[in-house]
Amino acid sequence: MAQISITDRDERKHLESLDSWLRLDSEFRGRTKLSGTPAEGDLGTAVELLTVAIGSGGVISVLATSLSAWLQQPKKTDITLKVTRPNGTAVEIDAKRATAQEVAELLNKALGAEEGATE
């Protein structure tokens with residue numbers, strides 16, 4: 001499992017966009033979930049986090065490639081993406097300063113930290 005958060009003023013919009021992007025790939029259909037907590041005085045829930053069930057093996061590589069491609073889309077250059085594993089291993093990526101190859105390498109390193117584990 002990986003939890004993805006985004007630092008940007010349009011955090012909710014970007015997380016929803018990323019969720020939709022991942023669901024286009026058959027590897028991630030039914031494996032993503034948006035979640036959050038209600039802000040004080042709000043009736044609804046603010047989206048704060050996208051959880052992706054990745055298990056191990058090839059799905060990790062597919063997620064890294066997908067996230068890298070999503071970050072390269074127009075209007076995503078001011079985003080900081082944070083991917084966290086249940087063991088606390090995390091990587092933060094500043095889309096403005098990272099190339100597609102660097103993004104994929106960082107994500108593979110962070111997500112592959114527990115590659116032998118099943119989740």
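Leu 49 touches Gln 3, Ile 4, Ser 5, Leu 15, Lys 33, Leu 34 and Ser 35, leaving out residues up to four places away in sequence. Contact here means heavy atoms within 4.5 Å. Leu 49 lies in strand 3. With 22% relative accessibility, Leu 49 counts as partly exposed. The scale is this: buried is under 20% relative accessible area, exposed is over 50%, and partly exposed is in between, using a 1.4 Å probe and protein chains only. The C-alpha atoms of Leu 49 and Glu 16 are separated by 9.6 Å, and the two residues are 33 residues apart along the chain.

The model is predicted: local features need pLDDT of at least 70, side-chain atom pairs count only at pLDDT 80 or more, and totals for chains, interfaces and linings use all residues. Residues are numbered from 1 along each chain as its sequence is written, and side-chain values use heavy atoms, with hydrogens and water left out.

Now the whole chain. The protein chain has three helices and five strands. From the N terminus, the order is β-α-β-β-α-β-β-α. Helices (H or I, at least four residues) and strands (E, at least two) are DSSP runs, numbered from the N terminus. Of the 119 residues, 34% count as buried. Take the contacts with a separation of 6 or more: residues 24 or more positions apart account for 61% of them.

Next comes the core. A nonpolar core is a set of buried Ala, Val, Leu, Ile, Met, Phe, Trp, Tyr and Cys residues joined through side-chain atoms within 4.5 Å. The largest one has 28 residues, and Ile 54, Leu 63, Val 83 and Leu 107 touch the most other members. At least two residues each come from strand 1 (2-7), helix 1 (11-23), strand 3 (49-52), helix 2 (58-71), strand 4 (80-84), strand 5 (90-94) and helix 3 (100-111). Helix 2 gives the most, with seven residues.

Follow helix 2. It has 14 residues and reaches 20 Å from its first C-alpha to its last. That is close to the 20 Å expected at 1.5 Å a residue; the expected span is 1.5 Å times one less than the number of residues. Its buried residues are Val 59, Ile 60, Leu 63, Ala 64, Ser 66, Leu 67, Ser 68, Trp 70 and Leu 71. Their cover includes strand 1, helix 1, strand 3, strand 4, strand 5 and helix 3.

Which residues of helix 2 meet helix 3? They are Ile 60, Ser 61, Leu 63, Ala 64, Leu 67, Ser 68 and Leu 71. On the helix 3 side stand Ala 100, Val 103, Ala 104, Leu 107, Asn 108 and Leu 111. The residues of this contact divide into ten nonpolar, three polar and no charged. Nonpolar covers Ala, Val, Leu, Ile, Met, Phe, Trp, Tyr, Cys and Pro; charged covers Asp, Glu, Lys and Arg; the others, Gly among them, are polar.

Two residues show this contact from either side. Ser 68 belongs to helix 2. Ser 68 counts as buried because its relative accessibility is 6%. Ser 68 touches Ala 100, Val 103, Ala 104 and Leu 107, not counting residues up to four places away in sequence. Asn 108 belongs to helix 3. Asn 108 is partly exposed, with a relative accessible area of 31%. Leaving aside neighbours within four places in sequence, Asn 108 is in contact with Ile 60, Ser 61 and Ala 64.
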